[in-house]
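This briefing goes through one protein chain, from the overall fold to single residues.

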Amino acid sequence: MYPELERAAQLATQYLQKVDDCRVDDALEPEKLRDRLTKKLTTEGIPSQQVIEELFDDAGAGLLNTSSGRFFGWVIGGALPVAIAAEWLTAAWDQNAGASAVAPSAAIVEEVAGQWLKDILRLPQSASFGFVTGCQMAHFTALAAARYRVLRNKGWEVEVQGLSGSPPIRVLVGEHHETILRALRQLGIGTNAVVQVAKKDDGTIDVDALKSELAKVTAAPTIVSLAAGDLNRGAFDDFDAACDVAHDYGAWVHVDGAFGLWVAASERFRHLVNGVDKADSWATDAHKWLNVTHDSGLVFVADQDAHRSSMTIPAAYIPAANKVETPLRDQYEWGPEWSRRARGFAVYATLRALGRRGVAEIVERCCAHASDLVRQLGQLSRVEVVATPIINQGLVRFLSPSGDHDTHTQRVIESINATGEAWFGPTRYDDKTVMRISVCNYRTTEHDIERAVNAVKTALDRLN
Ligand SMILES: Cc1ncc(COP(=O)(O)O)c(C=O)c1O
(Lines give C-alpha, C1' and ligand atoms only; values in the text may rest on other atoms or scores of the structure.)
Protein backbone atom coordinates (compact mmCIF):
# COMPACT_ATOMS: atom_id res chain seq x y z
CA MET A 1 0.00 0.00 0.00
CA TYR A 2 2.89 2.33 0.73
CA PRO A 3 5.62 1.05 -1.55
CA GLU A 4 7.82 4.09 -0.89
CA LEU A 5 7.77 3.41 2.86
CA GLU A 6 8.58 -0.25 2.47
CA ARG A 7 11.36 0.56 0.02
CA ALA A 8 12.82 3.22 2.34
CA ALA A 9 12.86 0.70 5.22
CA GLN A 10 14.64 -1.85 2.99
CA LEU A 11 17.19 0.68 1.79
CA ALA A 12 17.86 2.04 5.28
CA THR A 13 18.38 -1.47 6.61
CA GLN A 14 20.65 -2.28 3.68
CA TYR A 15 22.69 0.87 4.44
CA LEU A 16 23.10 -0.03 8.09
CA GLN A 17 24.10 -3.60 7.28
CA LYS A 18 26.90 -2.32 5.05
CA VAL A 19 28.07 0.80 6.85
CA ASP A 20 30.80 -0.96 8.82
CA ASP A 21 32.42 -2.19 5.61
CA CYS A 22 32.01 1.05 3.68
CA ARG A 23 34.75 3.57 3.20
CA VAL A 24 34.25 6.12 5.98
CA ASP A 25 34.61 9.07 3.62
CA ASP A 26 32.53 7.83 0.73
CA ALA A 27 31.58 11.16 -0.78
CA LEU A 28 32.03 12.13 -4.40
CA GLU A 29 33.75 15.43 -5.05
CA PRO A 30 31.30 18.30 -4.45
CA GLU A 31 30.95 19.22 -8.13
CA LYS A 32 30.13 15.66 -9.18
CA LEU A 33 27.76 15.34 -6.26
CA ARG A 34 26.05 18.59 -7.11
CA ASP A 35 25.64 17.45 -10.74
CA ARG A 36 24.12 14.23 -9.53
CA LEU A 37 21.70 15.85 -7.09
CA THR A 38 20.68 18.81 -9.21
CA LYS A 39 17.53 17.50 -10.88
CA LYS A 40 14.94 19.40 -12.84
CA LEU A 41 11.89 20.33 -10.80
CA THR A 42 9.06 18.82 -12.81
CA THR A 43 5.57 20.21 -13.19
CA GLU A 44 3.78 16.88 -12.79
CA GLY A 45 6.09 15.28 -10.22
CA ILE A 46 7.41 11.71 -10.38
CA PRO A 47 6.44 8.51 -8.52
CA SER A 48 7.44 8.53 -4.84
CA GLN A 49 9.16 5.15 -4.91
CA GLN A 50 11.36 6.29 -7.78
CA VAL A 51 12.18 9.47 -5.84
CA ILE A 52 13.20 7.45 -2.77
CA GLU A 53 15.36 5.07 -4.80
CA GLU A 54 17.09 7.90 -6.62
CA LEU A 55 17.58 9.78 -3.37
CA PHE A 56 19.24 6.72 -1.88
CA ASP A 57 21.61 6.41 -4.82
CA ASP A 58 22.29 10.09 -5.42
CA ALA A 59 22.54 11.37 -1.84
CA GLY A 60 24.14 8.09 -0.79
CA ALA A 61 27.01 9.00 -3.10
CA GLY A 62 27.84 11.95 -0.90
CA LEU A 63 28.04 10.55 2.59
CA LEU A 64 30.68 10.97 5.21
CA ASN A 65 29.73 7.78 7.02
CA THR A 66 29.69 9.18 10.53
CA SER A 67 27.55 6.17 11.51
CA SER A 68 30.57 3.93 11.00
CA GLY A 69 32.46 2.63 14.04
CA ARG A 70 35.65 3.97 12.44
CA PHE A 71 34.56 7.59 12.40
CA PHE A 72 36.47 9.51 15.09
CA GLY A 73 35.96 13.11 13.96
CA TRP A 74 34.37 15.95 15.94
CA VAL A 75 32.04 14.48 18.63
CA ILE A 76 29.42 12.59 16.68
CA GLY A 77 27.43 9.70 18.06
CA GLY A 78 25.93 6.86 16.05
CA ALA A 79 22.26 5.98 15.90
CA LEU A 80 21.03 2.86 17.68
CA PRO A 81 18.53 0.84 15.62
CA VAL A 82 15.88 1.38 18.29
CA ALA A 83 16.30 5.16 17.96
CA ILE A 84 16.02 4.95 14.17
CA ALA A 85 12.91 2.77 14.44
CA ALA A 86 11.32 5.22 16.87
CA GLU A 87 12.15 8.03 14.43
CA TRP A 88 10.28 6.19 11.69
CA LEU A 89 7.21 5.99 13.90
CA THR A 90 7.65 9.65 14.87
CA ALA A 91 7.56 10.59 11.19
CA ALA A 92 4.55 8.38 10.49
CA TRP A 93 2.60 9.82 13.43
CA ASP A 94 3.81 13.31 12.53
CA GLN A 95 2.73 14.77 15.85
CA ASN A 96 3.23 18.46 16.44
CA ALA A 97 4.86 18.22 19.85
CA GLY A 98 4.74 21.95 20.53
CA ALA A 99 1.54 21.71 22.54
CA SER A 100 0.08 18.78 24.47
CA ALA A 101 -3.36 19.36 22.98
CA VAL A 102 -2.11 18.32 19.55
CA ALA A 103 0.23 15.58 20.75
CA PRO A 104 -0.81 14.08 24.12
CA SER A 105 1.43 11.00 23.90
CA ALA A 106 4.41 13.10 22.85
CA ALA A 107 3.85 15.34 25.88
CA ILE A 108 3.67 12.44 28.33
CA VAL A 109 6.58 10.58 26.75
CA GLU A 110 8.76 13.70 27.20
CA GLU A 111 7.56 14.00 30.78
CA VAL A 112 8.57 10.39 31.48
CA ALA A 113 11.86 10.53 29.57
CA GLY A 114 12.70 13.83 31.27
CA GLN A 115 12.47 12.15 34.68
CA TRP A 116 14.56 9.17 33.49
CA LEU A 117 17.20 11.50 32.10
CA LYS A 118 17.53 13.37 35.39
CA ASP A 119 17.93 10.03 37.13
CA ILE A 120 20.66 8.81 34.75
CA LEU A 121 22.46 12.16 34.64
CA ARG A 122 22.13 12.53 38.43
CA LEU A 123 20.52 15.95 38.19
CA PRO A 124 18.00 17.27 40.72
CA GLN A 125 14.65 15.54 40.21
CA SER A 126 12.95 18.91 40.69
CA ALA A 127 14.70 20.46 37.64
CA SER A 128 12.64 21.40 34.60
CA PHE A 129 13.72 20.22 31.18
CA GLY A 130 13.26 20.69 27.46
CA PHE A 131 13.84 18.63 24.32
CA VAL A 132 15.57 20.88 21.81
CA THR A 133 17.44 20.45 18.53
CA GLY A 134 20.94 20.15 19.96
CA CYS A 135 23.30 21.36 22.64
CA GLN A 136 23.49 24.76 20.90
CA MET A 137 19.78 25.36 21.51
CA ALA A 138 20.07 23.81 24.96
CA HIS A 139 22.62 26.56 25.76
CA PHE A 140 20.30 29.15 24.27
CA THR A 141 17.39 27.97 26.43
CA ALA A 142 19.41 27.63 29.62
CA LEU A 143 21.09 31.00 29.16
CA ALA A 144 17.72 32.62 28.44
CA ALA A 145 16.57 31.32 31.84
CA ALA A 146 19.81 32.60 33.38
CA ARG A 147 19.32 36.00 31.72
CA TYR A 148 15.77 36.15 33.08
CA ARG A 149 16.86 35.32 36.65
CA VAL A 150 20.03 37.41 36.99
CA LEU A 151 18.24 40.48 35.60
CA ARG A 152 15.08 39.85 37.58
CA ASN A 153 17.25 39.81 40.71
CA LYS A 154 18.24 43.37 39.75
CA GLY A 155 14.62 44.41 39.24
CA TRP A 156 14.73 44.17 35.43
CA GLU A 157 12.16 42.13 33.48
CA VAL A 158 14.00 41.32 30.26
CA GLU A 159 11.10 39.51 28.54
CA VAL A 160 9.10 42.75 28.70
CA GLN A 161 11.69 45.50 28.85
CA GLY A 162 14.27 44.02 26.49
CA LEU A 163 17.99 44.47 27.05
CA SER A 164 18.34 48.10 26.09
CA GLY A 165 19.16 50.00 29.28
CA SER A 166 19.36 46.87 31.44
CA PRO A 167 22.19 46.28 33.89
CA PRO A 168 24.98 44.72 31.77
CA ILE A 169 25.36 40.98 32.28
CA ARG A 170 28.83 39.49 32.52
CA VAL A 171 29.62 35.89 31.71
CA LEU A 172 32.63 34.24 33.31
CA VAL A 173 33.90 31.26 31.33
CA GLY A 174 36.54 28.59 31.69
CA GLU A 175 37.01 26.10 28.84
CA HIS A 176 34.05 26.71 26.57
CA HIS A 177 32.62 25.63 23.26
CA GLU A 178 31.81 28.17 20.56
CA THR A 179 28.11 27.42 20.93
CA ILE A 180 28.15 29.19 24.30
CA LEU A 181 29.32 32.37 22.57
CA ARG A 182 26.76 31.90 19.82
CA ALA A 183 23.95 31.53 22.35
CA LEU A 184 25.11 34.75 24.04
CA ARG A 185 24.98 36.52 20.67
CA GLN A 186 21.54 35.14 19.94
CA LEU A 187 20.33 36.31 23.34
CA GLY A 188 21.59 39.85 22.82
CA ILE A 189 24.01 39.54 25.72
CA GLY A 190 26.87 39.78 23.25
CA THR A 191 30.35 38.34 23.36
CA ASN A 192 31.82 41.51 24.91
CA ALA A 193 30.16 40.32 28.11
CA VAL A 194 32.48 37.29 28.22
CA VAL A 195 35.37 37.27 30.67
CA GLN A 196 37.87 34.45 30.27
CA VAL A 197 38.84 33.13 33.70
CA ALA A 198 42.34 31.67 34.09
CA LYS A 199 42.58 27.93 33.67
CA LYS A 200 44.84 25.43 35.38
CA ASP A 201 47.33 23.26 33.45
CA ASP A 202 44.75 20.50 33.20
CA GLY A 203 42.41 22.86 31.32
CA THR A 204 39.90 23.24 34.15
CA ILE A 205 38.76 26.56 35.53
CA ASP A 206 40.97 27.97 38.30
CA VAL A 207 38.48 28.37 41.13
CA ASP A 208 40.64 30.95 42.95
CA ALA A 209 40.80 33.01 39.76
CA LEU A 210 37.03 32.61 39.39
CA LYS A 211 36.60 33.94 42.92
CA SER A 212 38.80 36.97 42.18
CA GLU A 213 36.80 37.75 39.02
CA LEU A 214 33.52 37.43 40.89
CA ALA A 215 34.79 39.73 43.62
CA LYS A 216 35.81 42.44 41.11
CA VAL A 217 32.25 43.61 40.34
CA THR A 218 29.92 42.14 42.92
CA ALA A 219 26.91 44.15 41.70
CA ALA A 220 26.92 42.84 38.11
CA PRO A 221 24.32 40.24 37.11
CA THR A 222 26.62 37.28 36.49
CA ILE A 223 26.56 33.93 34.75
CA VAL A 224 29.36 31.39 35.13
CA SER A 225 29.83 28.79 32.40
CA LEU A 226 31.52 25.51 33.30
CA ALA A 227 32.48 22.47 31.22
CA ALA A 228 31.67 18.82 31.82
CA GLY A 229 34.03 17.25 29.31
CA ASP A 230 35.74 19.72 27.01
CA LEU A 231 36.06 18.98 23.34
CA ASN A 232 39.79 18.33 23.28
CA ARG A 233 40.68 16.49 26.45
CA GLY A 234 37.35 15.75 28.03
CA ALA A 235 38.37 17.73 31.12
CA PHE A 236 35.82 18.40 33.88
CA ASP A 237 35.72 21.56 35.97
CA ASP A 238 35.62 21.30 39.75
CA PHE A 239 31.84 21.73 39.99
CA ASP A 240 31.64 21.41 43.74
CA ALA A 241 34.02 24.27 44.46
CA ALA A 242 33.11 26.44 41.45
CA CYS A 243 29.36 26.26 42.14
CA ASP A 244 29.86 27.14 45.82
CA VAL A 245 32.00 30.17 44.97
CA ALA A 246 29.68 31.35 42.19
CA HIS A 247 26.62 31.02 44.40
CA ASP A 248 28.33 32.95 47.21
CA TYR A 249 28.34 35.86 44.76
CA GLY A 250 24.79 35.29 43.55
CA ALA A 251 25.88 34.10 40.10
CA TRP A 252 24.00 31.59 37.93
CA VAL A 253 26.05 28.50 36.99
CA HIS A 254 25.54 26.87 33.59
CA VAL A 255 27.20 23.58 32.63
CA ASP A 256 28.03 22.51 29.07
CA GLY A 257 27.96 18.74 29.20
CA ALA A 258 27.23 18.09 25.52
CA PHE A 259 28.70 14.62 25.83
CA GLY A 260 30.54 14.64 29.19
CA LEU A 261 27.42 14.78 31.34
CA TRP A 262 26.69 11.17 30.32
CA VAL A 263 29.58 9.87 32.44
CA ALA A 264 27.18 10.21 35.37
CA ALA A 265 25.65 6.95 34.10
CA SER A 266 28.88 5.07 34.83
CA GLU A 267 30.06 4.09 38.30
CA ARG A 268 33.61 4.20 36.99
CA PHE A 269 33.50 7.75 35.68
CA ARG A 270 30.79 9.33 37.83
CA HIS A 271 33.29 10.97 40.20
CA LEU A 272 34.17 13.37 37.35
CA VAL A 273 30.81 15.10 37.73
CA ASN A 274 30.82 15.33 41.51
CA GLY A 275 28.92 18.41 42.56
CA VAL A 276 27.47 19.05 39.08
CA ASP A 277 23.97 18.87 40.57
CA LYS A 278 24.72 22.12 42.41
CA ALA A 279 24.61 24.07 39.12
CA ASP A 280 21.58 26.04 37.90
CA SER A 281 21.34 24.76 34.33
CA TRP A 282 22.76 21.98 32.20
CA ALA A 283 22.94 21.41 28.45
CA THR A 284 23.62 18.09 26.75
CA ASP A 285 22.88 16.05 23.65
CA ALA A 286 21.08 12.77 23.16
CA HIS A 287 22.51 12.67 19.63
CA LYS A 288 26.03 12.31 20.94
CA TRP A 289 26.69 9.69 23.60
CA LEU A 290 23.17 8.30 23.92
CA ASN A 291 23.42 7.43 20.21
CA VAL A 292 20.01 8.80 19.31
CA THR A 293 19.53 10.20 15.78
CA HIS A 294 20.45 13.84 15.20
CA ASP A 295 18.28 16.79 16.19
CA SER A 296 18.13 15.79 19.84
CA GLY A 297 19.47 18.15 22.50
CA LEU A 298 18.44 18.37 26.15
CA VAL A 299 18.27 21.25 28.58
CA PHE A 300 17.67 21.11 32.33
CA VAL A 301 17.09 24.06 34.64
CA ALA A 302 16.99 24.01 38.44
CA ASP A 303 14.91 27.19 38.61
CA GLN A 304 11.67 26.08 36.92
CA ASP A 305 10.16 29.52 37.20
CA ALA A 306 13.07 31.15 35.35
CA HIS A 307 12.98 28.46 32.66
CA ARG A 308 9.27 28.75 32.00
CA SER A 309 9.14 32.53 32.28
CA SER A 310 11.85 32.94 29.68
CA MET A 311 10.20 30.56 27.16
CA THR A 312 6.44 30.65 27.59
CA ILE A 313 3.98 32.88 25.78
CA PRO A 314 0.19 32.96 26.13
CA ALA A 315 -1.77 32.16 22.97
CA ALA A 316 -5.50 32.53 22.65
CA TYR A 317 -5.92 29.31 20.69
CA ILE A 318 -4.05 26.99 23.08
CA PRO A 319 -6.76 25.39 25.22
CA ALA A 320 -5.78 26.10 28.81
CA ALA A 321 -9.06 24.65 30.11
CA ASN A 322 -8.10 21.00 29.86
CA LYS A 323 -5.01 21.68 31.95
CA VAL A 324 -7.06 21.93 35.11
CA GLU A 325 -8.62 18.48 34.61
CA THR A 326 -5.63 16.66 33.11
CA PRO A 327 -2.53 18.74 33.51
CA LEU A 328 -0.26 18.02 30.57
CA ARG A 329 3.07 19.59 29.91
CA ASP A 330 3.23 21.95 26.93
CA GLN A 331 6.67 21.74 25.39
CA TYR A 332 6.53 25.27 23.94
CA GLU A 333 6.73 26.55 27.52
CA TRP A 334 10.15 24.92 28.00
CA GLY A 335 11.90 25.47 24.68
CA PRO A 336 12.36 28.11 21.99
CA GLU A 337 10.23 26.45 19.30
CA TRP A 338 6.53 26.41 18.54
CA SER A 339 5.59 23.62 16.09
CA ARG A 340 8.17 20.88 16.42
CA ARG A 341 8.94 17.22 15.82
CA ALA A 342 8.14 14.80 18.64
CA ARG A 343 11.80 14.15 19.26
CA GLY A 344 11.12 12.68 22.71
CA PHE A 345 9.93 9.35 21.25
CA ALA A 346 13.42 8.34 20.12
CA VAL A 347 14.98 9.30 23.46
CA TYR A 348 12.28 7.41 25.37
CA ALA A 349 12.63 4.29 23.22
CA THR A 350 16.42 4.36 23.46
CA LEU A 351 16.46 4.73 27.23
CA ARG A 352 13.96 1.89 27.59
CA ALA A 353 16.01 -0.38 25.34
CA LEU A 354 19.36 0.38 26.99
CA GLY A 355 18.35 0.74 30.62
CA ARG A 356 20.79 2.36 33.05
CA ARG A 357 23.33 -0.38 32.51
CA GLY A 358 23.17 -0.08 28.73
CA VAL A 359 23.94 3.65 28.84
CA ALA A 360 26.84 3.07 31.26
CA GLU A 361 28.14 0.29 29.03
CA ILE A 362 28.29 2.51 25.92
CA VAL A 363 30.10 5.24 27.87
CA GLU A 364 32.64 2.84 29.36
CA ARG A 365 33.23 0.99 26.09
CA CYS A 366 33.85 4.24 24.18
CA CYS A 367 36.28 5.44 26.86
CA ALA A 368 38.17 2.13 26.75
CA HIS A 369 38.43 2.30 22.94
CA ALA A 370 39.58 5.94 23.02
CA SER A 371 42.25 5.13 25.52
CA ASP A 372 43.40 2.07 23.52
CA LEU A 373 43.49 3.99 20.27
CA VAL A 374 45.57 6.83 21.70
CA ARG A 375 47.92 4.41 23.48
CA GLN A 376 48.52 2.38 20.31
CA LEU A 377 49.07 5.50 18.22
CA GLY A 378 51.53 6.77 20.83
CA GLN A 379 53.60 3.62 20.30
CA LEU A 380 54.15 4.44 16.63
CA SER A 381 57.29 6.22 15.65
CA ARG A 382 57.07 10.02 15.47
CA VAL A 383 53.63 10.15 17.06
CA GLU A 384 53.30 12.40 20.09
CA VAL A 385 50.38 11.98 22.47
CA VAL A 386 49.26 15.52 23.27
CA ALA A 387 46.33 14.55 25.50
CA THR A 388 45.64 11.12 26.95
CA PRO A 389 41.88 10.59 27.17
CA ILE A 390 40.25 11.29 30.50
CA ILE A 391 37.07 9.91 28.97
CA ASN A 392 36.53 9.49 25.20
CA GLN A 393 38.54 12.39 23.73
CA GLY A 394 42.26 12.48 22.98
CA LEU A 395 44.83 14.38 20.93
CA VAL A 396 47.92 13.28 19.04
CA ARG A 397 50.21 14.92 16.53
CA PHE A 398 52.70 13.68 13.97
CA LEU A 399 56.31 14.84 14.18
CA SER A 400 58.16 15.73 11.02
CA PRO A 401 61.92 15.39 10.61
CA SER A 402 61.77 18.88 9.04
CA GLY A 403 60.43 20.32 12.28
CA ASP A 404 57.23 21.58 10.60
CA HIS A 405 54.95 19.37 12.68
CA ASP A 406 51.81 21.39 11.92
CA THR A 407 51.93 20.90 8.14
CA HIS A 408 52.98 17.29 8.56
CA THR A 409 50.12 16.57 10.99
CA GLN A 410 47.65 18.08 8.56
CA ARG A 411 49.04 15.95 5.72
CA VAL A 412 48.97 12.76 7.76
CA ILE A 413 45.34 13.37 8.71
CA GLU A 414 44.40 13.91 5.06
CA SER A 415 46.29 10.79 4.11
CA ILE A 416 44.55 8.68 6.79
CA ASN A 417 41.15 9.95 5.72
CA ALA A 418 41.97 9.23 2.08
CA THR A 419 42.40 5.53 2.92
CA GLY A 420 38.66 5.41 3.71
CA GLU A 421 39.53 3.13 6.63
CA ALA A 422 39.07 5.75 9.36
CA TRP A 423 38.27 9.43 9.67
CA PHE A 424 39.81 11.96 12.07
CA GLY A 425 39.64 15.73 12.22
CA PRO A 426 42.38 18.30 12.81
CA THR A 427 42.19 21.08 15.36
CA ARG A 428 44.45 23.69 16.96
CA TYR A 429 45.42 23.04 20.53
CA ASP A 430 48.05 24.84 22.60
CA ASP A 431 49.13 26.61 19.42
CA LYS A 432 49.74 23.31 17.64
CA THR A 433 47.93 21.48 14.86
CA VAL A 434 46.79 18.19 16.34
CA MET A 435 44.55 15.27 15.40
CA ARG A 436 41.51 14.91 17.60
CA ILE A 437 40.14 11.50 18.47
CA SER A 438 36.60 11.14 19.66
CA VAL A 439 34.93 7.80 20.30
CA CYS A 440 31.24 8.36 20.71
CA ASN A 441 29.62 5.60 18.67
CA TYR A 442 28.15 2.42 20.11
CA ARG A 443 29.28 0.61 16.93
CA THR A 444 33.02 1.02 17.53
CA THR A 445 34.68 -2.33 18.25
CA GLU A 446 38.22 -3.52 19.02
CA HIS A 447 38.48 -4.52 15.37
CA ASP A 448 37.66 -0.93 14.34
CA ILE A 449 40.45 0.32 16.59
CA GLU A 450 42.86 -2.15 14.98
CA ARG A 451 41.81 -1.02 11.49
CA ALA A 452 42.17 2.63 12.48
CA VAL A 453 45.68 2.08 13.85
CA ASN A 454 46.61 0.26 10.63
CA ALA A 455 45.24 3.16 8.58
CA VAL A 456 47.47 5.55 10.53
CA LYS A 457 50.48 3.25 9.99
CA THR A 458 49.75 3.11 6.25
CA ALA A 459 49.52 6.89 6.04
CA LEU A 460 52.74 7.33 7.99
CA ASP A 461 54.61 4.79 5.84
CA ARG A 462 53.46 6.64 2.77
CA LEU A 463 54.58 10.05 4.03
CA ASN A 464 57.70 9.28 6.10
C1 LIG B 1 31.38 20.58 24.41
C2 LIG B 1 30.36 20.86 23.34
N3 LIG B 1 29.39 21.78 23.56
C4 LIG B 1 28.46 22.05 22.63
C5 LIG B 1 28.45 21.42 21.42
C6 LIG B 1 27.38 21.76 20.41
O7 LIG B 1 26.50 20.69 20.30
P8 LIG B 1 25.41 20.64 19.12
O9 LIG B 1 26.21 20.48 17.87
O10 LIG B 1 24.58 19.46 19.44
O11 LIG B 1 24.65 21.90 19.14
C12 LIG B 1 29.44 20.48 21.13
C13 LIG B 1 29.49 19.80 19.82
O14 LIG B 1 30.35 19.00 19.55
C15 LIG B 1 30.41 20.18 22.12
O16 LIG B 1 31.36 19.25 21.91
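Predicted model: local features only at pLDDT ≥ 70, side-chain atom pairs only at ≥ 80, totals over all residues.

Residues are numbered from 1 along each chain as its sequence is written.

**Whole chain**
- The protein chain has 15 helices and 13 strands; helices (H or I, at least four residues) and strands (E, at least two) are DSSP runs, numbered from the N terminus.
- Its radius of gyration is 23 Å, close to the 23 Å from the globule rule for 464 residues, so the chain is as compact as a globular protein of that length. The radius is taken over C-alpha atoms, and the rule is 2.2 Å times the number of residues to the power 0.38.
- The C-alpha trace spans about 65 × 60 × 45 Å along its principal axes.
- Of the 464 residues, 47% are buried. A residue is buried if 20 or more other C-beta atoms lie within 10 Å of its own, exposed if 12 or fewer, and partly exposed in between, with C-beta atoms placed from the backbone.

**Domains**
- The chain is assigned domain 1 (3-65), domain 2 (85-351) and domain 3 (365-463), with bounds from an automatic or database domain assignment.
- The centres of domain 1 and domain 3, taken over C-alpha atoms, are 31 Å apart.
- In contact across this pair are 5 residues of domain 1 and 6 residues of domain 3, where contact requires C-beta atoms, placed from the backbone, within 7 Å.

**Helix α15**
- Helix α15 (residues 446-463) has 18 residues and reaches 26 Å from first to last C-alpha, close to the 26 Å expected at 1.5 Å a residue; the expected span is 1.5 Å times one less than the number of residues.
- Its buried residues are Asp-448, Ile-449, Ala-452, Ala-455, Val-456 and Ala-459. Seen down the axis of α15, they fall within an arc of 120°, so they line one face of the helix; the arc is that of the directions from the helix axis to the C-beta atoms.
- Glu-446, His-447 and Asp-461 are exposed on the face turned away from the buried side.
- The buried residues of α15 pack against α13 (344-378) and α14 (405-419).

**Phe-131**
- Phe-131 lies in strand β3 (residues 128-132) and counts as buried, with 31 C-beta neighbours inside 10 Å.
- Not counting residues up to four places away in sequence, Phe-131 touches several residues, including Glu-110, Leu-298 and Val-347.
- Phe-131 and Glu-110 are 21 residues apart in sequence and 7.6 Å apart in space, C-alpha to C-alpha.

Methods: Contact = placed C-beta atoms within 7 Å.
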